[in-house]
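Subject: Structure for your review

Dear colleague,

Please find below the structure that I am handing over to you.

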Amino acid sequence: MAVKLGKVEKKAKSYDHILIIMRHAKAEPFGEYGDRDRPLSDKGLKQAKAVGKGLLGLGLVPNRIACSGALRTQQTCAKMLKTFGDVPKVDYRQSLYDGGIQAVLDELVQTKDKHRVLMVLGHEPTMSIASQWLASHDSDPATLDQLNLGLSTASIAVFGSNKPFSQWQLHDADLIAVITPNDFD
């Protein structure tokens with residue numbers, strides 16, 4: 001099912017606060033590297049660039065990015081920052097590598113009310129499980145079902161709410177879309 005980016009953009013504009021939960025782009029396989037030190041593959045570099053350009057095109061450049069401390073997430077973020085420029089403030093967090101869902105929820109609480117677009121950049125299965133917990137029961141069932149499969153590399157889940165992030169509760173945000181890098185082609 002193709003994502004209609006125009007509809008995503010229009011719906012996102014109707015909310016005061018947008019959360020983008022992203023899984024890092026494609027990394028090199030295990031073997032030569034320890035898990036934390038796995039770099040992005042060539043495909044991953046292309047994915048990160050496509051997502052960065054896609055978010056810019058949707059008008060969803062984050063004000064703040066909370067990024068895992070693993071190399072592959074840092075490289076994903078760096079590639080997108082080349083497109084975003086100096087707009088996002090980036091916080092690198094070890095907790096987003098090994099802290100589970102609570103680390104994602106902690107980032108919401110720590111985000112100032114003035115920030116409209118927050119990106120949390122981390123790993124599976126934490127990103128898709130956190131997305132399932134945040135999505136309201138009124139979200140589109142087909143979009144919710146996509147989260148059951150997990151987020152593929154460089155995919156994003158986009159949420160909206162009129163509440164500041166610090167006030168979000170479980171099942172409180174509207175799941176607007178799940179977007180893969182190929183959707184931005």
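Predicted model: local features only at pLDDT ≥ 70, side-chain atom pairs only at ≥ 80, totals over all residues.

Helix packing

I begin with α5 (100–110) and α6 (126–134). The axes of α5 and α6 lie 9 Å apart, and the two helices pack at an angle of about 60 degrees. On the α5 side the contact is made by G100, I101, V104, L105 and L108, and on the α6 side by T126, M127, I129, A130, W133 and L134. Sorted by class, the residues of this contact comprise nine nonpolar and two polar ones, with no charged residue.

The spacing of such contact residues can be read against a general rule: an α-helix has 3.6 residues a turn, so residues three or four places apart point the same way.

Which residues of α6 are buried? They are T126, M127, S128, A130, S131 and L134. The elements that cover them include α5, together with β1 (17–23), β4, α7 (141–148) and β5 (156–161).

From α2, the residues in the contact are L45, A48, K49, V51, G52, K53, L55 and L56; from α3, they are T76, K79, M80, T83 and F84. By class, the contact of α2 with α3 holds seven nonpolar, three polar and three charged residues.

The loop between β4 and α6

H123 sits in the loop that links β4 (117–122) to α6. Is H123 buried or exposed? H123 has a relative accessibility of 6%, and therefore counts as buried. Its side chain makes a polar contact with the side chain of S68, at 2.7 Å. Beyond its neighbours within four places in sequence, H123 is in contact with S68 and also with H24, A70, R72, T73, L96 and Y97.

P125 belongs to this loop between β4 and α6 as well. The peptide bond joining E124 and P125 is cis, with omega of about 5 degrees.

Backbone geometry

As background, most residues other than glycine have a negative phi, and most peptide bonds are trans. A154, in the loop between α7 and β5, has a positive phi, near 65 degrees. A154 has a relative accessible area of 0% and is therefore buried. H171 is not a glycine either, yet its phi is positive at about 55 degrees. H171 is located in the loop between β5 and β6 (174–179) and, at 28% relative accessibility, counts as partly exposed.

Exposed loop positions

P29, in the loop between β1 and α2, has a relative accessible area of 56% and is thus exposed. P29 and G100 are 71 residues apart in sequence, and their C-alpha atoms are 22 Å apart in space. H137, in the loop between α6 and α7, is exposed at 64% relative accessibility. A distance of 34 Å separates the C-alpha atoms of H137 and R36, which are 101 residues apart along the chain.

With kind regards

Methods
Residues numbered from 1 in each chain as written. Heavy atoms only, no water. Helix = DSSP H or I, 4+ residues; strand = E, 2+ residues; numbered from the N terminus. Buried < 20%, exposed > 50% of the residue type's maximum accessible area, 1.4 Å probe, protein only. Polar contact = N/O pair within 3.5 Å; in protein donor to acceptor, adjacent residues only side chain to side chain. Contact = heavy atoms within 4.5 Å. Nonpolar A, V, L, I, M, F, W, Y, C, P; charged D, E, K, R; others polar. Axes fitted to C-alpha atoms, helices over the stretch in contact; angles between N-to-C directions.
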